Amino acid sequence: GLGNFARDGVAGNLQVFINEIRHNKFSREGADLHCEEWITIPEAVLGRKMSIPTLQGDVNITIDAGCESGRVFTITGKGVPRLSNNGQVGPSGNLHIKVNVRIPKDISMKEKQLYQELQNL
């Protein structure tokens, strides 16, 4: 009933359409956000700390030594705020960070020798 009024008639409905712009880092599934981070082989083997930007500021995660490619870290409450039908803001969704190990395609002879030495251990 909040749309256009017709003379001596009933008001139409107000319709609001929202188009979401795709983000280059995050994808959204409901109130949850998903992203992918890439680490090197040494980082996967030895572990590392990593800072991830969120809507509420950066969060730090610790990649444990021996991290497998494809591991997903979930940060509770760092997704998109949930909105109810009456406009009230509820708790935020979660942030899911998938960690992938980048395998180098082109390596130097020295790097190849080092990998071969590691393979022989």
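How many of the seven residues of strand β8 (residues 95-101) are buried? I began my notebook with this question, working on a predicted model.

**Entry on strand β8.** I looked up the burial of β8 and found that six of its seven residues are buried, so the strand is largely enclosed by the rest of the structure.

**Entry on the partners of β8.** I then looked up which strands pair with β8. Strand β2 (residues 32-39) runs parallel to β8, and seven bridges join the two. Within this pairing, I noted that L33 stands opposite L95 of β8. Strand β5 (residues 71-75) is joined to β8 by five bridges, and these two strands run antiparallel. Here I recorded F73, whose bridge partner in β8 is I97.

**Entry on E37.** Next I selected E37, which is found in strand β2. Is E37 buried or exposed? Its relative accessibility is 13%, and because buried means under 20%, E37 counts as buried. I also listed its contacts, leaving aside neighbours within four places in sequence: K25, M50, I52, I97, K98, V99 and N100.

**Entry on helix α2.** Finally, I turned to helix α2 (residues 109-120) and checked its length. At 1.5 Å a residue, its 12 residues should span 16 Å, and the end C-alpha atoms are 16 Å apart, which agrees. How many of the 12 residues of α2 are buried? The count is zero, and I recorded the helix as hardly covered. In β8, by contrast, I had found six of the seven residues buried.

Methods: Residues are numbered from 1 along each chain as its sequence is written. This is a predicted model: local features need pLDDT of at least 70, side-chain atom pairs count only at pLDDT 80 or more; totals for chains, interfaces and linings use all residues. Side-chain values use heavy atoms; hydrogens and water are left out. Helices (H or I, at least four residues) and strands (E, at least two) are DSSP runs, numbered from the N terminus. The expected span of a helix is 1.5 Å times one less than its number of residues. Buried means under 20% relative accessible area, exposed over 50%, partly exposed in between (1.4 Å probe, protein chains only). Contact means heavy atoms within 4.5 Å. Two strands pair if DSSP finds at least two bridges between them.
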